[in-house]
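User: Could you take a close look at one part of this structure for me? I would like to hear about its pockets.

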Amino acid sequence: MLVLGSATPSLESYQAALSGRIGRLLLPERVAGAELPPVSVVDMREENRDTKRYNYLSRALRRALHETIERREQAILFLNRRGFATVITCLHCGHTEKCERCDITLTSHRSRETITCHYCGFEKPVPKVCAECKSPGVKFWGQGTERVEEEVRKVFPEARIARMDSDTMTRREAYLETLGAFRAGRIDVLVGTQMIAKGLDFPNVTLVGIVLADTALHMPDFRSRERTFQLLEQVAGRAGRGSKGGRVIVQTYLPHDVSVKEARDHDYEGFCLNELRERQAFYYPPFSRLARVLVRGKDKEKALAAAKEAGVLLRAEAKKIEGRRIEVLGPSPAPIAMLDGAHRFHLMVKAPDGETIAAVFNGAAAEALSKLKGAESVVDIDPLGML
Ligand SMILES: [Zn+2]
Ligand SMILES: [Zn+2]
């Protein structure tokens, strides 16, 4: 027997339970009878309008932090993005600094003299003037964990603050030391990425602030709402694990998104039922199985021609299989259209089950896909990410 355990099971597991393929055991109560923490949502558009400035920390979150620190309780601030500024734009001509090898904006880090690509590691010096128009009005926008840490230090100079992300936690001991210090009460506010989202159990944490819930929602992926919901639920679950209770403040520019609303209400069932309806309408898992074919090459024209060829091959293969719903989508430019110097296109195959997917890829198409001219192809069955 195999037992899968999660506070937020995937929609695949949920659907399998609904259809009776797997059994479902519920633990409706939290450990030691604690209540799930109340969640309030702050609309950052309104916040910025009211205060006439761009805010990283809303008034509600500042107030809550202040109260928490004063009561000698602890807070966790979560943001799924590291670095300082995540977008660097010229105010004069609008030019945005991007990686030379990837179609990705560069991120600045406080402690470094360079701006870097989080995908391929490309680095260049921090620009003093715009690379395009030479104007000095280069603005560092966007927020990463470094920016949030700095903001908290500014507003609460007395507070003891630590940051946990892959930039500060380069050694395993650093991770254990920081968690040890937090557990011992030597840190008031812990700022971090998904590294702090799961599993941590600190009874003195009475406030969790989700600095920006939207980061995952903007991902071009059919699972982005599910990931956002899961992340919000997991992070929220860090608050109020002890007898003092807790609360969660979620900052967002998309307060009406269902994943934000249903996470606020801790409505896992409601979220799943809505999301399953959407998935069914668009023939996405768990109602289909997916394969993604990524075609990439240094020469854009050749890569596109190869991707089109792959489309022809896959459609021909799908036609040979009768009586099953097989859809071949694409080619289209991948969400990250260029990565590490290669141009990228992708295709999606949807089929009712794994057997059908295997039939599509085991035929003559697989052989031909491996011999595309001027590009290489990678087949990913049941892809978890589609960038
Ligand atoms: Zn410019
Ligand atoms: Zn890059």
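This is a predicted model: local features need pLDDT of at least 70, side-chain atom pairs count only at pLDDT 80 or more; totals for chains, interfaces and linings use all residues.

How do the residues of the lining of the second largest pocket divide into nonpolar, polar and charged?

Analyst: The lining of the second largest pocket is made up of 14 nonpolar, 14 polar and five charged residues. The pocket itself has a volume of about 1,200 Å³, and 33 residues line it. If you want to find its centre in the structure, look for Asn80, Arg81, Tyr119, Thr215 and Met219, the lining residues that lie nearest to that point.

As for the elements around it, helix 6 and strand 13 (327–339) each supply at least two residues of the lining of the second largest pocket. Helix 6 gives the most, with four residues.

Helix 6, which spans 224–236, also leads us to the largest pocket, where it supplies at least two lining residues, as do helix 1 (11–18) and helix 8 (268–281). There the largest share comes from helix 1, with three residues. The largest pocket has a volume of about 1,600 Å³ and a lining of 38 residues. Ser6, Ala7, Thr8, Pro9 and Leu27 are the ones nearest its centre.

How values were computed
Residues are numbered from 1 along each chain as its sequence is written. Chains are lettered from A and ligands numbered from 1 in the order in which they are written. Side-chain values use heavy atoms; hydrogens and water are left out. On a 1 Å grid over the protein atoms alone, a cavity is a set of points where a 1.4 Å probe fits but cannot get out, and a pocket is an open set with protein on both sides within 12 Å along at least five of seven lines; lining residues have an atom within 4 Å of a point. Grid points are joined across faces, edges and corners, and a volume is the space filled by probe spheres set on the points. Ala, Val, Leu, Ile, Met, Phe, Trp, Tyr, Cys and Pro count as nonpolar, Asp, Glu, Lys and Arg as charged, and the others, Gly among them, as polar.
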